[in-house]
Amino acid sequence: MINITLPDGSVRQYDKGITSMQIAQSISEGLARNVLAAEVDGAVWDASRPIEQDASVKLLTWTNDEGKATFWHSSAHLMAEALEALYPGTKFGIGPAIETGFYYDVDFGDRTFAQEDFKKIEDKMLELAKTKAEYIRKPVSKDEAVAYFTDKGDEYKLDLIKDLPDGSITFYSQGNFTDLCRGPHIPNTGFIKAVKLMNVAGAYWRGDESRKQLTRIYAVTFPKAGELAEYLNMLEEAKKRDHRKLGKELELFAFSEKVGMGLPLWLPKGTALRERLVNFLQRAQVAAGYEQVITPHIGHKNLYVTSGHYEKYGKDSFQPIQTPQEGEEFFLKPMNCPHHCEIYKTKPRSYKDLPVRFAEFGTVYRYEQSGELHGLTRVRGFTQDDAHLFCRPDQVKEEFKKVIDLVLYVFNALGFQDYVAQVSLRDPENKAKYIGTDENWQLAETAIIEAAEEKGLRTVIELGEAAFYGPKLDFMVKDALGRKWQLGTIQVDYNLPERFELEYTGSDNQKHRPVMIHRAPFGSLERFVAVLIEHCAGNFPLWLSPEQYVILPISEKYEDYAKKLSQMLNNSDIRGLIDFRDEKIGRKIRDAEVKKIPYMLIVGEKEAAEGTLSVRKHGTGDLGSMSIEDFKQQLIKEITI
RNA sequence: GCCGACGUAGCUCAGGGGUAGAGCACUUCCUUGGUAAGGAAGAGGCCAAGGGUUCAAAUCCCUUCGUUGGCUCCA
């Protein structure tokens with residue numbers, strides 16, 4: 001007999017070799033029907049795998065993330081089986097579960113594969129699922145594994161096996177399909193009730209640009225047909241908040257083929273929004289001891305030779321601007337740091353002066369790969385809310401904490417709750433590729449981790465993700481469609497102070513190198529506005545809203561009153577417009593609602609006579625009538641942040 | 001940059017070898033109205049650009065540009 005500890009702490013006794021599925025059955029039939037896999041002493045196992053000794057067991061169902069991942073991973077095998085049945089000779093790369101669903105990288109040889117084939121594959125998968133084929137685990141020796149895939153002619157699997165130690169290799173089979181796989185899997189294919197292929201994409205084998213590109217098929221499956229419908233519906237809803245769609249509808253920004261790809265045009269309303277964000281941050285930065293600076297949009301080649309960017313990015317960036325002067329070259333500035341370093345050098349600095357903080361809303365240009373451009377989140381010309389802090393090594397942590405405070409202040413003011421702080425550190429295996437002394441890195445990495453901890457940030461640590469010049473902390477958020485974007489960033493830099501030979505005089509009267517911290521709470525105004533649009537689905541906080549009200553006269557008889565009202569509101573710095581169109585009030589309200597204007601002020605005979613206004617709030621409805629003064633006060637209260 | 005999809009009126013889209021359609025928006029007229037679309041008429045397009053096949057191309061083929069889903073990249 002062995003002792004099985006369940007998550008509630010209870011201990012049950014079973015015969016040696018019991019499976020998680022049998023444990024589930026001993027608890028209830030209903031539970032057994034839903035068990036997909038089990039966590040045994042922390043590792044996820046097949047529900048059918050025998051347990052040979054005392055263990056703690058957590059049964060996994062569709063409601064656990066691990067259960068879902070197992071379900072989707074098994075679905076990937078099912079899809080592979082369907083592909084093999086429909087297209088014999090298909091070779092398979094890897095087919096993991098992802099956040100929602102799974103993919104499989106496959107090589108169809110010369111056959112082209114397109115979305116028309118989706119239906120056929122979905123049908124085949126459902127057909128195979130109905131057979132309730134069991135997923136069978138089989139440990140194999142390395143030789144056996146090699147023999148099987150050599151015989152099958154699948155070089156990708158062989159490539160994977162090459163790196164696996166003998167004795168750790170397992171195969172999983174279901175129906176007519178056998179795959180190299182560590183597992184675990186769901187009990188049988190019958191659990192899979194709904195299938196949807198999402199899209200196809202090219203993906204390099206093992207993520208390496210120099211290797212062959214395979215066809216990656218993304219799909220998602222569910223244990224109930226209704227859940228698929230729900231999921232597709234959710235995707236539709238998410239699309240409605242896509243910043244590219246809302247940006248067009250709300251007339252915030254546009255792109256023009258003639259101007260060039262990835263170069264956003266800010267329309268009047270978008271500009272109004274952006275300027276308010278700029279003013280907001282500028283005020284906060286002044287309060288935090290920053291000094292505003294301005295630098296040109298181009299810089300001499302030598303600036304970037306000194307900074308090292310010329311060597312690293314010269315060929316892959318916008319090409320130099322020539323001048324009538326033979327051999328003279330200027331570059332569009334891809335970042336503001338080198339300019340700010342030169343500002344630092346305009347005079348000798350003492351340790352008593354540090355830290356100094358130079359802030360600039362600096363527009364930069366980067367030649368991003370064409371396939372990378374995406375709405376406002378990835379563009380070729382954008383404005384960073386940049387600043388560079390120059391401080392002593394012993395000030396890094398304190399400065400870091402202050403920057404975190406500033407970022408959190410910005411995020412709070414705009415209602416961002418859902419973000420993760422990603423701390424990017426050196427790859428400990430490969431310290432050679434980083435610049436700067438071991439001691440300084442140690443100091444900076446510790447400072448960042450401690451600062452994040454002391455500020456109570458939800459943090460993930462990524463080893464090897466640091467820039468070559470220093471560790472960093474990025475605030476990551478997700479867009480409406482679940483894609484992750486980096487907003488705020490704080491980076492420590494040992495490289496540029498070195499290259500620009502920045503110094504300060506210490507209390508010992510010796511020259512020392514300052515540490516440079518790059519930081520941008522928004523990241524870039526473009527990306528921030530994009531994420532903000534999606535975050536609030538276009539319903540901006542009142543203080544940011546391009547129009548705060550629209551006056552809707554019942555008929556043209558009340559236009560004079562509307563103008564008077566608008567004048568009074570404008571005098572109190574409340575902005576908006578009047579709908580003079582010859583339309584019925586119902587129509588004007590509808591249009592204002594669609595345009596997401598926060599307040600609709602309806603004025604007619606009654607209001608004009610009493611000197612009041614009838615207020616309707618976007619998305620809420622009629623608030624009744626109130627005096628002009630009351631409305632003004634209410635708005636001013638709401639606007640104050 | 002690579003793989004796939006797409007590009008028709010300002011917007012959202014239908015059509016599809018025989019020289020273009022809807023709804024909304026726009027203009028004019030009627031209507032002067034009370035909390036999410038009043039009525040009528042009109043105007044608007046080299047069907048992304050270039051080349052080819054054809055008696056005939058918006059439609060089929062090729063190239064380019066742009067958009068888009070991924071991959072790689074992201075100072």
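This is a predicted model: local features need pLDDT of at least 70, side-chain atom pairs count only at pLDDT 80 or more; totals for chains, interfaces and linings use all residues.
Reader: What makes Cys337 buried?

Author: Cys337 has a relative accessible area of 7%. Buried means under 20%, so Cys337 counts as buried. Cys337 is found in helix α12, residues 337–344.

Reader: Why is His518 called buried?

Author: The relative accessibility of His518 is 8%. The limit is 20%, and therefore His518 is buried. His518 belongs to strand β29, residues 515–520.

Reader: How do you know that Cys337, His388 and His518 gather at one spot?

Author: UniProt, in an unreviewed entry, places the feature "binding site" at Cys337, His388 and His518. They span 182 residues in sequence, but no two of their C-alpha atoms are more than 7.8 Å apart, so they gather at one spot.

Reader: Which residues is Cys337 in contact with, leaving aside its neighbours within four places in sequence?

Author: Cys337 is in contact with His388, Leu496, Met516 and His518 when those neighbours are left aside. Contact here means heavy atoms within 4.5 Å. On the same terms, the contacts of His518 include Cys337, His388, Tyr469, Asp493 and Leu496.

Reader: What makes a set of residues a nonpolar core, and which residues have the most contacts inside the largest one?

Author: The members must be buried residues of the nonpolar kinds, from Ala to Cys, joined through side-chain atoms within 4.5 Å. The largest such core has 63 residues, and Leu277, Leu414 and Leu473 have the most contacts inside it. Helix α13, residues 396–413, gives the most to this core, with nine residues. A second, separate core has 38 residues, Leu83, Val106, Phe118 and Leu128 among them. In general, nonpolar side chains in soluble globular proteins tend to be buried together.

Reader: What does Leu277 touch, not counting residues up to four places away in sequence?

Author: Leu277 touches Leu414, Phe522, Leu525, Phe528, Val529, Leu532, Trp543 and Leu544. Of these, Leu525, Phe528, Val529 and Leu532 are also listed among the buried residues of α16.

Reader: Why is α16 described as largely enclosed by the rest of the structure?

Author: Ten of the eleven residues of α16 are buried, so the helix is largely enclosed by the rest of the structure. The buried residues include Glu526, Arg527 and Glu534 as well as Ala530, Val531 and Ile533. After α16 comes Ala537, with a positive phi near 50 degrees.

Reader: Why does Ser545 count as buried, and where is Ser545 found?

Author: Ser545 has 4% relative accessibility, and the limit for buried is 20%, so Ser545 counts as buried. Ser545 is found in the loop between α16 (525–535) and β30 (549–553). Leaving out residues up to four places away in sequence, Ser545 touches Arg276, Phe540, Arg575 and Pro598.

Reader: How many residues surround RNA strand B, and which are the closest?

Author: RNA strand B is surrounded by 51 residues, and the closest are Gln213, Glu372, Asp582, Arg587 and Ser614. The surrounding residues divide into 22 charged, 15 nonpolar and 14 polar.

Reader: How many helices and strands has chain A?

Author: Chain A has 20 helices and 34 strands. Of its 641 residues, 49% count as buried.

Definitions and conventions: Residues are numbered from 1 along each chain as its sequence is written. Chains are lettered from A and ligands numbered from 1 in the order in which they are written. Side-chain values use heavy atoms; hydrogens and water are left out. Buried means under 20% relative accessible area, exposed over 50%, partly exposed in between (1.4 Å probe, protein chains only). Helices (H or I, at least four residues) and strands (E, at least two) are DSSP runs, numbered from the N terminus. A residue is near a molecule or strand if one of its heavy atoms lies within 4 Å of it. Ala, Val, Leu, Ile, Met, Phe, Trp, Tyr, Cys and Pro count as nonpolar, Asp, Glu, Lys and Arg as charged, and the others, Gly among them, as polar. UniProt positions are given in the numbering used here, feature names are shortened, and annotations may be inferred rather than shown by experiment.
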